[in-house]
Amino acid sequence: MVALAVSLAGCGDENNNDNNDNGDVTHPTPTPVTVRTATPTVTATPLPDTLPTETSTADVPTATPSATSTPVAGGCHAGDQITVTESLSKPYAGALVDLHYPGSVNIPGTGSDQSVADRVHFTANGIPATNDTDTNSDSVDDTLSASFVSITDNAAGTYVTVTFDCVEGQAPPAAGDFTCTVT
């Protein structure tokens with residue numbers, strides 16, 4: 001079994017000049033695996049190599065990316081899982097985070113199926129909702145929306161943890177393969 005840990009941060013406006021919902025992240029750092037810009041946290045086993053953390057401040061909460069990945073000969077194997085942890089940089093009573101993920105991972109089920117909700121764990125008490133969707137019309141889900149509302153503020157920090165299955169034969173993803181948008 002292979003495990004990958006990725007912490008993502010930087011959701012929001014890197015220029016800190018408005019409240020737009022673009023998941024811009026600056027200062028990408030090379031990793032041992034091909035990467036895109038990132039914004040959540042991922043955990044997979046074993047965890048020998050560590051990828052750097054990217055951080056951005058904005059008027060909306062942000063997440064904190066850091067990753068640990070292990071290159072696997074031949075790619076992922078049956079049963080391998082990737083855990084992504086999203087952290088918000090500001091206190092929140094409610095938030096909506098869209099986590100865009102690569103085709104090398106998936107979540108069983110689609111939409112708001114219970115199998116999707118079972119893979120998403122919120123850290124605060126309140127009313128959570130999840131939705132796994134296909135945003136690029138290729139018939140494969142690629143974006144997990146995790147929303148939360150509470151009557152009290154929650155401290156900045158870990159917002160949600162998502163467990164993905166690593167697609168057999170695919171290269172394990174790196175932190176940069178995940179991006180998020182905070183609303």
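At 16% relative accessibility, Arg119 counts as buried, where buried means under 20% relative accessible area, exposed over 50% and partly exposed in between, calculated with a 1.4 Å probe on protein chains only. The structure is a predicted model, in which local features need pLDDT of at least 70 and side-chain atom pairs count only at pLDDT 80 or more, while totals for chains, interfaces and linings use all residues. Residues are numbered from 1 along each chain as its sequence is written, and side-chain values use heavy atoms, with hydrogens and water left out.

The side chains of Arg119 and Asp165 meet in a salt bridge, with 3.0 Å from N to O; the term stands for a side-chain nitrogen of Lys or Arg within 4 Å of a carboxyl oxygen of Asp or Glu. This pair links distant parts of the chain, 46 residues apart: Arg119 sits in the loop between α1 (114-117) and β8 (120-122), and Asp165 in strand β11. Helices (H or I, at least four residues) and strands (E, at least two) are DSSP runs, numbered from the N terminus. Whereas Arg119 is buried, Asp165 is partly exposed, with a relative accessible area of 21%. By this rule, the count comes to 1 salt bridge. In general, side chains of opposite charge can pair when their charged atoms come close.

For the overall layout, the protein contains 1 helix and 12 strands. Along the sequence, these elements follow the pattern β-β-β-β-β-β-β-α-β-β-β-β-β. Of the 183 residues, 49% count as buried. Among contacts (heavy atoms within 4.5 Å) between residues at least 6 apart in sequence, 77% join residues at least 24 apart.

A search of the whole structure finds 1 disulfide, defined as a pair of cysteine sulfur atoms within 2.5 Å. The partners are Cys76 and Cys166, whose sulfur atoms are 1.6 Å apart.

The pairing partner of β11 considered here is β5. These two strands pair in the antiparallel sense over 8 bridges; two strands are taken to pair if DSSP finds at least two bridges between them. Within this pairing, Leu88 has Gly157 in β11 as its bridge partner. Because 7 of its 8 residues are buried, β5 is largely enclosed by the rest of the structure. Ser87 belongs to strand β5 and is buried at 12% relative accessibility. The C-alpha atoms of Ser87 and Val160 are separated by 7.0 Å, although the two residues are 73 apart along the chain.

A further group of strands makes up an open sheet. Its 4 strands run in the order β9-β10-β6-β12, with antiparallel pairing. At the edges are β9 (127-133) and β12 (179-182), each of which pairs on one side only. Neighbouring strands of this sheet are turned by 20° against each other on average, direction ignored; the axes are lines fitted to C-alpha atoms, for helices over the stretch in contact, and angles run from 0 to 180 degrees between N-to-C directions. Strand β10 (residues 143-154) pairs with β9 in the antiparallel sense over 7 bridges, and Thr130 stands opposite Ala146 in β10.

Pro128, in strand β9, is partly exposed at 44% relative accessibility. Not counting residues up to four places away in sequence, Pro128 touches Phe122, Ser147 and Phe148. The C-alpha atoms of Pro128 and Ala117, 11 residues apart along the chain, are separated by 9.1 Å. Thr143, in strand β10, is buried, with a relative accessible area of 3%. With the same exclusion of residues up to four places away, the contacts of Thr143 include Asp98, Tyr101, Asn131 and Thr135. The side chains of Thr143 and His100 are joined by a polar contact of 2.9 Å, meaning a pair of N or O atoms within 3.5 Å; within protein, one must be able to donate a hydrogen and the other to accept it, and residues adjacent in sequence count only if both atoms are side-chain atoms.
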